[in-house]
Amino acid sequence: MKESLTKVSSISIISPVYGAEGMIEELVNRVSKSVSAICEEYEIILVEDNSPDSSWAEMERVSNENPRVKSIKLSKNFGQHYAITAGLDVAHGDWIVVMDCDLQDKPEEIPNLLNKAMQGYDIVLARRIERQDNFFVRITSLFFYKILSYLTGTTQDHTVANFGIYSKKVIEVIRQMREPIRYFPTMVKWVGFERAYQDVLHGERERGSSGYNFNKRLRLAVDIMLAFSNKPLLLTVKLGLLISISSFIISLIVLIFALLGKYTVSGYASMMMSIWFLSGLIIFILGINGLYLSKVFDGVKSRPIYIITKSINL
């Protein structure tokens, strides 16, 4: 028996756009078809993150033909999670859906997410049953989430990304978070509220390739670590304590051997190894402190999180 669809008063669908000129129209058509069955008042907010192709021209055309489609163009490539923030700031729906533009997040799953939310949840995250990415993307993604989980001291699920539905009160809290380093899933995790997971089908990428390569994922992991965790600083303290204990034990052994007359000539090799090792360790610890300090510096400048150059239907 087919499950009945829950209906709500208004929904906003936000999708950051990058390298998607051939997918905009299909994205809008499929979202409209899925959402119109559960809501009469809806808006589709597309945020172009200074894409290198003709995505903006296609967004202009679609927005001029459909007043429900609101298009935003950023002044430069700020990043996916900054584009999501720009969309959240203008969304008016009682429920907000965040999804990627490449159609791997299937618009047909939106009613299922809403039905789950109506069971008493403020957040319903889409859990991809089987990722339809190539082997390299799956491996780098898994590696990324493992590192992120360890460095932030949190549990990160590689089957869950941005795709989900969020109540208005959740988004209002996230809007208040204006820190310069943005990572939407971690921000959602931090705010709390009642949440659930909904298994969804993951679509295959029909055009283009992922904008996240290994280097971008690594930089993102470092930024998230610095913004949401002090674990690296705690690790350096533990490492320093371990070295101090080891040095004390080694020094005690050396002293005993010296008193017993076991040493006749001081060891040049051991001295040089100690100098290089400790010097490298000191520079490494200073580097971690410097990274945190640089993020504090970026924060106190209070620059805009994003800059909008053009908009349609806002």
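User: How do the residues lining the second largest cavity divide into nonpolar, polar and charged?
Analyst: This is a predicted model, in which local features need pLDDT of at least 70 and side-chain atom pairs pLDDT 80 or more, while totals for chains, interfaces and linings use all residues. Residues are numbered from 1 along each chain as its sequence is written, and side-chain values use heavy atoms, without hydrogens and water. A cavity is a set of points on a 1 Å grid over the protein atoms alone where a 1.4 Å probe fits but cannot get out, and lining residues have an atom within 4 Å of a point. With Ala, Val, Leu, Ile, Met, Phe, Trp, Tyr, Cys and Pro counted as nonpolar, Asp, Glu, Lys and Arg as charged, and the others, Gly among them, as polar, the lining comprises five nonpolar, two polar and one charged.

User: Which helix gives the largest share of the lining of the second largest cavity?
Analyst: Helices are DSSP runs (H or I, at least four residues), numbered from the N terminus. H3 (80-90) and H7 each supply at least two residues of this lining. The largest share, four residues, comes from H3.

User: How many of the eight residues of H7 are buried?
Analyst: Buried means under 20% relative accessible area (1.4 Å probe, protein chains only). In H7 (residues 184-191), the buried residues are Phe-184, Pro-185, Thr-186, Met-187, Val-188 and Val-191. Among them, Phe-184 and Met-187 also line the second largest cavity. H7 is mostly covered, and the number buried is six.

Technical notes:
Buried means under 20% relative accessible area, exposed over 50%, partly exposed in between (1.4 Å probe, protein chains only). On a 1 Å grid over the protein atoms alone, a cavity is a set of points where a 1.4 Å probe fits but cannot get out, and a pocket is an open set with protein on both sides within 12 Å along at least five of seven lines; lining residues have an atom within 4 Å of a point.
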